[in-house]
Amino acid sequence: MTFDEGSVNGCVRVAAVGDVHLDADVLGRYRPALEHIGDKADMLLLAGDLTRHGTADEAHCVAEEFGGLAVPVIAILGNHDHHCDQPAEVTKVLEDGGITVLECSGTVLDVDGVRVGVAGTKGFGGGFAGACASEFGEPEMKAFTRHSRELAERFGAALSALDADVRIALTHYSPVPETLLGEPLEIYPFLGSYLLAQAIDATPGVGLAVHGHAHAGSERGTTPGGVPVRNVAHPVIKQAYNVYQLSSVLTPA
Ligand SMILES: [Fe+2]
Ligand SMILES: [Fe+2]
């Protein structure tokens with residue numbers, strides 16, 4: 001399966017947005033554009049930072065804004081959604097609202113007979129080749145780096161376990177530095193990790209990688225293995241969601 005943003009017919013249409021940072025004061029900002037999403041997309045991916053501080057009240061706003069749509073909604077949490085140390089509560093509110101929440105796990109959708117697998121993780125930082133953290137020295141440094149590595153490993157296992165014709169990688173932190181272009185170079189290690197790209201590239205059949213987190217970054221990048229990467233943070237795409245198309249012209253395994 002190939003990635004194509006130009007054609008429309010015979011494609012799996014993937015809508016995505018991240019970093020909507022909802023609270024009561026912005027409730028309704030996205031909903032008008034979401035009401036007819038079924039005409040434009042087959043699914044909606046939410047790339048984390050759905051709330052501002054990760055409270056249950058804010059999560060209720062997310063469920064109200066993104067629940068009950070005409071297409072399946074699949075989300076992962078971002079760092080903001082962890083701020084109040086209530087990720088389980090936030091997840092429950094979203095799931096009760098009909099949103100599938102992934103964390104080092106996956107789900108498979110049937111889109112007109114095409115099995116589309118989505119695996120997701122928040123991911124974490126650590127940086128990129130030649131300028132990255134390592135599990136060395138103080139316990140705090142080891143813990144920081146270990147968290148990134150363990151999530152990437154579990155995410156990679158979830159991605160490869162998908163029984164699907166095409167796979168989509170959904171993360172909050174970026175797998176590549178290209179989509180961080182516009183952010184200060186000094187904070188790249190807090191915006192993503194090359195370990196996520198390694199996990200994506202280690203799995204055959206990944207047609208698209210979607211992330212958020214980098215509000216001042218750029219939309220487009222590619223993993224070293226050639227998988228298209230899209231930063232869908234709302235401040236980057238500047239609309240309720242972008243739609244990406246995966247060609248459904250399948251080649252026999
Ligand atoms: Fe954000
Ligand atoms: Fe974030």
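**Ground rules.** Residues count from 1 along each chain as its sequence is written, while chains are lettered from A and ligands numbered from 1 in the order in which they are written. Because this is a predicted model, local features need pLDDT of at least 70 and side-chain atom pairs pLDDT 80 or more, while totals for chains, interfaces and linings use all residues; side-chain values use heavy atoms, with hydrogens and water left out.

**Overall look.** I counted up the secondary structure and got six helices and 14 strands (DSSP runs: helices are H or I with at least four residues, strands E with at least two, numbered from the N terminus). The radius of gyration is 17 Å, close to the 18 Å from the globule rule for 253 residues, so the chain is as compact as a globular protein of that length (taken over C-alpha atoms; the rule is 2.2 Å times the number of residues to the power 0.38). I also noted that 53% of the 253 residues are buried (under 20% relative accessible area; over 50% is exposed, in between is partly exposed, with a 1.4 Å probe and protein chains only).

Donors here are N, O and S atoms within 2.8 Å of the metal (3.2 Å for Na, K and Ca); water is not among the atoms, so sites may look incomplete. Aspartate 49 also bridges to the iron ion (ligand 1), and the two ions lie 3.5 Å apart. Aspartate 49 sits in the loop between strand 3 and helix 2, and asparagine 79 in the loop between strand 4 and helix 3, so the pair ties together parts 30 residues apart in sequence. I checked their cover: aspartate 49 is buried at 1%, whereas asparagine 79 is partly exposed at 27%.

**Serine 174.** I found serine 174 in the loop between strand 10 (166–171) and helix 5 (194–201), buried at 0% relative accessible area. Its side chain makes a polar contact with the side chain of threonine 179 at 3.1 Å (a pair of N or O atoms within 3.5 Å; within protein, one must be able to donate a hydrogen and the other to accept it, and residues adjacent in sequence count only if both atoms are side-chain atoms).

**Helix 2.** Last, I listed buried residues of helix 2 (residues 56–66), among them Glu58, Cys61 and Phe66. Just after helix 2, glycine 68 takes a positive phi of about 65°.
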